[in-house]
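Below is a set of questions and answers on one protein chain.

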Amino acid sequence: MNRPALALLAFATLGVWACDDPPPKKNPFEAPPKDTVEPPKDAVPPKPSGPPELAIDDLGPKVGFSRVLIDKPDGRERLRNELSPVKQHYAGKEVTLSVVRKTRLAWVQIMLSELGKIGATKVIVKTETRKDFPGELAFTPEATAPAPEPCAVVGMILGDRSAAIWKVSGGTAIKRAKGLAGPDLSTTGETIERFAKGCKASNMFFVSADETVEWGLAYDLAASTRGLEGVKFDTMVLLEKTPTAGRKVDLTK
């Protein structure tokens with residue numbers, strides 16, 4: 001065999017040995033490859049730019065998706081902390097608030113008060129009620145309501161589910177007994193109408209209820225005034241403090 005042939009044979013043999021070389025050893029300290037691929041940063045959904053929905057159910061107030069346990073010692077402060085960052089959506093505007101019937105009256109009082117403090121002009125409260133009553137009413141926060149005439153009408157559902165009607169300045173309260181399924185709003189309406197016609201200088205109605213009374217009954221009392229003949233209340237106010245029937249109403253200012 002000549003020299004060129006021997007050289008070719010040696011090169012081929014070397015190539016065979018090279019193909020049989022073992023694979024390089026893996027570094028035991030090398031980090032494993034990632035199984036998941038991180039999404040780009042711009043894939044994060046944008047925060048909603050509009051106002052969060054406001055509601056009160058049987059567990060308490062909600063601001064957007066945030067639940068506030070209002071009965072906690074710092075519950076009211078927590079509600080303020082939820083409303084403060086979004087006050088620009090409510091200041092100088094009407095606000096919509098959905099409230100279930102079974103909720104506590106005090107929670108509605110607190111929510112309306114705090115909305116008034118951040119500048120809401122009116123709170124449109126939506127509550128399920130009787131078929132012949134409106135399902136939403138506009139309430140003016142007490143702190144921003146105009147000063148009432150002394151003869152302005154006050155209506156309240158008492159602890160035994162009867163109703164009492166009197167003047168904001170105080171005086172004899174006319175009481176109407178409980179009906180078969182709650183307050184007798186028919187006879188109560190007659191009394192409200194009589195008081196209102198005797199106070200033509202006022203178009204305000206103040207509503208409240210005993211602390212043991214659910215919100216729905218207080219709402220029904222306010223909503224019942226919309227069907228009264230010859231009487232129109234342009235300003236509906238839910239009192240922040242529960243009054244005593246017949247006594248002068250202590251208004252928050």
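Contact here means heavy atoms within 4.5 Å. The model is predicted.

Q: Leaving aside its neighbours within four places in sequence, which residues is Ser 224 in contact with?
A: Ser 224 is placed in helix H5. At 10% relative accessibility it is under the 20% cut-off, so Ser 224 counts as buried. With neighbours within four places in sequence set aside, the residues in contact with Ser 224 are Phe 133 and Leu 185.

Q: Which backbone oxygen does the side chain of Ser 224 reach, and at what distance?
A: A polar contact is a pair of N or O atoms within 3.5 Å. The side chain of Ser 224 reaches the backbone oxygen of Leu 221, and the distance is 2.6 Å.

Q: How many helices and strands does the protein chain have, and what percentage of its residues is buried?
A: The protein chain has five helices and 13 strands. Its length is 253 residues, and the buried share of these is 39%.

Q: What part of the contacts with a separation of 6 or more comes from residues 24 or more positions apart?
A: The count takes contacts in the protein chain with a separation of 6 or more. Of these, the part from residues 24 or more positions apart is 67%.

Q: Why does the span of helix H4 agree with its number of residues?
A: Helix H4 covers residues 185–197, which is 13 residues. The expected span is 1.5 Å times one less than the number of residues, so H4 should span 18 Å. The end C-alpha atoms of H4 are also apart by 18 Å.

Q: What covers the buried residues of H4?
A: The buried residues in H4 are Leu 185, Thr 188, Gly 189, Thr 191, Ile 192, Glu 193, Phe 195 and Ala 196. Their cover includes strands E7, E8, E9, E11 and E12 and helix H5.

Q: At the start of H4, which backbone nitrogen does a side-chain oxygen of Asp 184 reach?
A: The side-chain oxygen of Asp 184 comes to within 3.2 Å of a backbone nitrogen at the start of H4. That nitrogen belongs to Ser 186.

Q: Why is the pair of Phe 205 and Phe 233 tilted?
A: A search of the whole structure finds three aromatic pairs. In this one, the ring centres of Phe 205 and Phe 233 are 5.1 Å apart and the planes are at 35°. Planes under 30 degrees apart count as stacked and over 60 as edge-to-face, so the pair of Phe 205 and Phe 233 is tilted.

Q: How many residues apart in sequence are the parts tied together by Phe 205 and Phe 233?
A: Phe 205 is buried at a relative accessible area of 0%, and Phe 233 is buried at 4%. Phe 205 lies in strand E12, while Phe 233 lies in the loop between helix H5 and strand E13. The parts that the pair ties together are therefore apart in sequence by 28 residues.

Q: Which residues do ring pairs link into a cluster with Trp 215?
A: Trp 215 is among the residues that touch the most other members of the largest nonpolar core, which has 50 residues. Beyond four places in sequence, Trp 215 touches residues including Val 99, Leu 105, Val 125, Phe 139 and Leu 238. Ring pairs link Trp 215 into a cluster with Phe 139 and Tyr 219.

Q: How far apart in space are Ile 56 and Arg 101, C-alpha to C-alpha?
A: Ile 56 is in strand E1 and is buried at 1% relative accessibility. Ile 56 touches, among others, Leu 97, Val 99, Val 100 and Trp 107. Ile 56 and Arg 101 are 45 residues apart in sequence, and in space their C-alpha atoms are apart by 9.5 Å.

Q: What is the phi of Arg 161 near?
A: Arg 161 lies in the loop between E7 and E8 and is partly exposed at 23%. Most residues other than glycine have a negative phi. The phi of Arg 161 is positive, near 75°.

Methods:
Residues numbered from 1 in each chain as written. Predicted model: local features only at pLDDT ≥ 70, side-chain atom pairs only at ≥ 80, totals over all residues. Heavy atoms only, no water. Phe/Tyr/Trp six-rings, centres within 6.5 Å; stacked < 30°, edge-to-face > 60°. Helix = DSSP H or I, 4+ residues; strand = E, 2+ residues; numbered from the N terminus. Buried < 20%, exposed > 50% of the residue type's maximum accessible area, 1.4 Å probe, protein only. Polar contact = N/O pair within 3.5 Å; in protein donor to acceptor, adjacent residues only side chain to side chain. Core = buried A, V, L, I, M, F, W, Y, C linked by side-chain atoms within 4.5 Å.
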